[in-house]
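User: I am new to reading protein models. Can we go through this one by question and answer?

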Amino acid sequence: MNKLRVIQWTTGKVGKLSLRGVLDDPRLELVGVYAYSADKAGTDAGALCGRPDTGLLATSDIDALVALDADTVFYNPFMADLDHVVRLLDSGLDVISTNLFLNVGGIQGATREALAAACERGNSSLYITGINPGWINTMVTAMTAVCRDIQRVSISESADVSVYESAETWQALGFSLAEATPEVIEMAKLWLSTFRDSVQRMAVALDYELDDLEFFIEHQTASEDVDLGWLSLRKDTIAALRGGWNGKVHGKAVVQTNVAWYLTEKLNGNWEFDDDHYHVVIEGEPEVHTRIRFVPPESWGNHEWDTMTAMPAVSAALDVAAAPAGILTLKDVGLPCAPAGTWLTQRRSAESRVPAADPIR
């Protein structure tokens, strides 16, 4: 089997888990790792993701990485660098990103034009995915195939976000503040624009031409002091939010994505949270209700939850390679899946090489 030659771009919270996924996928060959920070340059790829040494060292030399004649880049930085991505696409590399380019305006306007032009020049593809936006949108749009009529599609996400130890992220959304000022709401709107993208992706796949995208949000405060170890919440400061986007056609919401995120359930209001991570409702003929709950192994720490962000990108590599050039939609990529059969064969092969224990004499 000809393996896809891939580069891992950064090894932070998500990138580290993407790198593990690459090393675990027999369809992929790791040929390069981009080190964002100088202290990681020269470090073995295995050491950067908690795996045995691979013999391949990370580098911050972009020229050297572009010269590797790779096929695909897994792009996982916290902040996007538009110049870097344009250069990668220009060189003919497909880019699969879990970053939504929010710090450069999102995939719209001048940013979209620059990326699309780079794809055309390099005959390359850009695909943005993760768990949401990404995997859940692919699953839900595919589920509509059983319906003969659709009135509305909605995805409700519920999550205890205290497992994501990033004080800056939650403070930007208003958490730990006394009230949601207009400035806080505008910042939250920017951060939650990822879910605007989620609505737009599904609308494109479902052939809707949206004439309005409506943002909504509300906050709730803590009923007592809460110390998370990495962030302290004082009583009566913001500790939870509910918000999202309605995609409308002729004034009616036809696609909706909403989230309910909380750092503690000790709240002043009577908010209730779903134990299932996703509740999907497709209003149509027939109506479809689906609930999804992720059950992690006991060995997982908090940041292992980012596995569900990283793996949809890794699993999509071959589908993206087979897709047309350009900024890809859900339909362009189809239904990526894990190489489960190959993993099973590998496990059986490894087990057969383990010597049998000596019989008891």
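User: Which residues are linked in a network of salt bridges with Asp-274?

Analyst: This is a predicted model, where local features need pLDDT of at least 70 and side-chain atom pairs count only at pLDDT 80 or more, while totals for chains, interfaces and linings use all residues. Residues are numbered from 1 along each chain as its sequence is written, and side-chain values use heavy atoms, with hydrogens and water left out. A salt bridge needs a side-chain nitrogen of Lys or Arg within 4 Å of a carboxyl oxygen of Asp or Glu. The network links Asp-274 with Asp-276, Arg-291 and Arg-293.

User: Is Asp-276 buried or exposed?

Analyst: Asp-276 forms a salt bridge with Arg-293 (2.9 Å, N to O). Buried means under 20% relative accessible area, exposed over 50%, partly exposed in between (1.4 Å probe, protein chains only). Arg-293, at 48%, is partly exposed. Asp-276 has 13%, so Asp-276 is buried.

User: How far apart in sequence are Asp-90 and Arg-121?

Analyst: Their side chains meet in a salt bridge of 2.6 Å, N to O. Helices (H or I, at least four residues) and strands (E, at least two) are DSSP runs, numbered from the N terminus. Asp-90 lies in helix H4 and Arg-121 in helix H5, so the pair ties together parts whose separation in sequence is 31 residues.

User: Are H4 and H5 roughly parallel or roughly antiparallel?

Analyst: Axes are lines fitted to C-alpha atoms, for helices over the stretch in contact (heavy atoms within 4.5 Å). Angles run from 0 to 180 degrees between N-to-C directions; under 35 degrees counts as roughly parallel, over 145 as roughly antiparallel, 65 to 115 as roughly perpendicular and the rest as oblique. H4 and H5 pack at about 20°, with axes 7 Å apart. The two helices are therefore roughly parallel.

User: Which strands does H4 touch?

Analyst: The open sheet has six strands in the order S2-S1-S3-S4-S5-S14, with parallel pairing; two strands pair if DSSP finds at least two bridges between them. Its edge strands are S2 (28-34) and S14 (326-327). H4 (residues 82-90) packs on this sheet, at about 140° to the direction of S4. The strands touched are S1, S2, S3, S4 and S5.

User: Which residue in S2 stands opposite Arg-5?

Analyst: S1 covers residues 4-9. S1 and S2 pair in the parallel sense over six bridges. The residue opposite Arg-5 is Glu-29.
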